[in-house]
Amino acid sequence: DSLSERLVGSSNMEDGVSLKFRQQLLLIDENLVAEDVAALKFLCTDLLPFKKLENVKSALDIFQLLMTEEYLNEEDTFLLAELLYRMKCHSLLKKLGYTKEKVEECLRERGRVSPYRQMLYELSENITDDMLKDIVFLLQNYLPRRRITLSALELLILLEKQGLLTENNVQMLEDVCMNVSPDLLETVNCYKRAKGYTTVCNIPSFNILQSDYKHNGKKVLTYEVFVCPIKFLELPDQPERFRKYFNLGGQRGTNIEECGGGKTGITPLMLPTHQYICLSSWYRQNTTSYKMDGPHRGFCLVINNVEFDGSLQERKGSCRDAEELERVFTWLGLDVKTYKNQTSKEIKNLMQNWQHLEDHKDRDCFICCILSHGESGAIYGKDEELVSIRMIMSHFTAKQCPQLAEKPKLFFIQACQGKEIQRPVYVEADARIPDLSSMQQSISPSESIPEEADFLLGMATIDGYASFRHIQQGTWYIQALCSKLQLLVPRGEDILSILTEVNEDVGRRVDRLGTKKQMPQPAYTLRRKFIFPIPRDPPPS
């Protein structure tokens, strides 16, 4: 709309408001984008009725509400100036006759945005996309079951609506920040210090107080850790492992031993900042990751179909993939079992046999890798009969395989999910000839995965497309998967982060003529992060 049209449309503002003032507000509105409007709404949450704010579509709507509630008028525009200042829209202040310095001078006496609201807004400004993903993951039990994309501000408002976050209770926010970023935690700590708080965090097994002491004349930030004996013993790691993890050789051993014995009156551990961050990492890994410290890691099945009975070509180079998978997953602590050239019936029988294996109960996870030709949502047996990927995975649901209930189950499929395309000499596609593949119904990876938790399906390619295999070096996907596992597991990365790197690796590759590309696609219902324990031995290659 033109400015003149909007001036007419604004005539429903308070009677007696001069045209000049309305024009000022419209000019400010013209310079604010959707993110600015969301910020205005958030900063006004303590000042305006929440139901009315929910219906706000523009900055003008907020200005109208502020005027109705008598926070804003022609003679007193300071609240609007404060809001623009908080949002760092300093160039707009001059439209109200203010400068950044003038606003700062008046804030102490006239500021209306509470320190609590300021703290939350500052947090939202510093939360990166990756941090937001981590926070949403940590708080998934408190968020709507339907998958919605939340901004940082929307997430904070949602927590406030549920009463999980208030001016006098920022405990959940603090726990989350401790796990995601020390910088975010410091923002919360500054607010708490101003409010007179002393405790920095209070997680199930630890109570941590922040303090300063002087070392060689310099102030050093430390964290005083009090361990709760009973709850500490419920954690997966034993006290001795706790001591080794934090390299607490220089600490008084009685702290750990007394804790192990369930005694009270524990002398607190004094941890410098770097060890405190280790504590945070250790706590997050034990509460937001799948348990991976059992007596046995788990079984890994590798089904490698190389030769076929009819028109499907021999999958040259696939044995290289199978050997690499066996080396890498053995290095990761799994018991690897390889099966070669299995018919559709033999694949189904294999799944039934492994489904009923009692030994799963002592294992942390289950992994299955299938290397074959394929179509949308299915792979070929040696007899060139299709086997549904969903049917394969359904053998290991909690109902069908209770020994693996609540344990992560990972499936990696190296097979085409669509028609064969023209290929050069050294690159082949894992697909049937085009006229037959066109008969197969399109099925996406998300449709193949069972509708329950704890599954991951890693597909070599997106639905409808071919995946590629070098006849000597193996497939792009499996070779990238094995390479990234060896590189990133020792760094403590979780499986989804690793698969993102696999996507990036495979997506960069092209055949030697530069005509073919491929993009893998994972689908998952994992409830926690899946992190392989770091092996003692170096990577196999």
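Which residue lies over the face of Phe-455, and at what distance from the ring centre? It's Lys-409, at 5.2 Å. (A charge sits over a ring here if NZ of Lys or CZ of Arg is within 6 Å of the ring centre and within 35 degrees of the ring normal.) Before you zoom in, note that this is a predicted model, in which local features need pLDDT of at least 70, side-chain atom pairs count only at pLDDT 80 or more, and totals for chains, interfaces and linings use all residues. Residues are numbered from 1 along each chain as its sequence is written, and side-chain values use heavy atoms, with hydrogens and water left out.

**The chain overall**

- The protein chain has 23 helices and 16 strands; these are DSSP runs numbered from the N terminus, with helices being H or I of at least four residues and strands E of at least two.
- Of its 541 residues, 50% count as buried (buried is under 20% relative accessible area, exposed over 50%, partly exposed in between, with a 1.4 Å probe and protein chains only).
- Among contacts with a separation of 6 or more, 70% come from residues 24 or more positions apart (a contact means heavy atoms within 4.5 Å).

- The chain averages a pLDDT of 76, and 67% of the residues score at least 70 (pLDDT is the predictor's confidence in each residue, from 0 to 100).
- Strand 6 (residues 335–340) has the highest mean pLDDT of the elements, 97, while strand 1 (residues 199–203) has the lowest, 36.
- Over residues 197–278 the pLDDT is below 50, yet this stretch has 159 contacts in the model beyond near neighbours in sequence.
- Residues 462–469 are also below 50, with 53 contacts of that kind.
- Where pLDDT is low, the predicted coordinates should not be read in detail.

- All 6 of the 6 residues of strand 11 (residues 409–414) are buried, so the strand is largely enclosed by the rest of the structure.
- In a regular strand the side chains alternate between the two faces of the sheet.
- Here Lys-409, Phe-411 and Ile-413 point one way, and Leu-410, Phe-412 and Gln-414 the other.
- Strand 7 (residues 363–371) runs parallel to strand 11, joined to it by 6 bridges (two strands pair if DSSP finds at least two bridges between them).
- Leu-371 has Gln-414 as its bridge partner in strand 11.
- Strand 13 (residues 455–459) pairs with strand 11 too, in the parallel sense over 5 bridges.
- Lys-409 stands opposite Phe-455 in strand 13, the residue whose ring face Lys-409 lies over.

**Aromatic pairs**

- Rings of Phe, Tyr and Trp (its six-membered ring) pair if their centres lie within 6.5 Å; planes under 30 degrees apart count as stacked, over 60 as edge-to-face and the rest as tilted.
- By this rule there are 10 aromatic pairs.
- Tyr-116 and Tyr-191 have ring centres 6.2 Å apart and planes at 50 degrees, so this pair is tilted.
- That pair links distant parts of the chain, with Tyr-116 in helix 8 and Tyr-191 in helix 12 (residues 182–195), 75 residues apart.
- Both Tyr-116 and Tyr-191 are buried.
- Phe-411 and Phe-455 have ring centres 6.2 Å apart and planes at 25 degrees, so this pair is stacked.
- The Phe-411 and Phe-455 pair joins strand 11 to strand 13 across 44 residues.
- Phe-411 counts as buried because its relative accessibility is 0%, and Phe-455 counts as buried at 0% as well.
- Ring pairs also link Phe-329, Phe-412, Phe-530 and Phe-532 into a cluster.

- Helix 3 (residues 34–43) has Asp-36, Val-37, Ala-39, Leu-40, Phe-42 and Leu-43 as its buried residues.
- These pack against helix 5 (59–68), helix 6 (78–86), helix 8 (115–126) and helix 10 (152–161).
- The charged end of Arg-117 sits over the ring of Phe-42, 4.8 Å from its centre.
- Leu-96 lies in the loop between helix 6 and helix 7 (100–110), and counts as buried because its relative accessibility is 10%.
- Leaving aside neighbours within four places in sequence, Leu-96 is in contact with Gln-24, Ile-28, Thr-77, Leu-80, Ala-81 and Leu-84.
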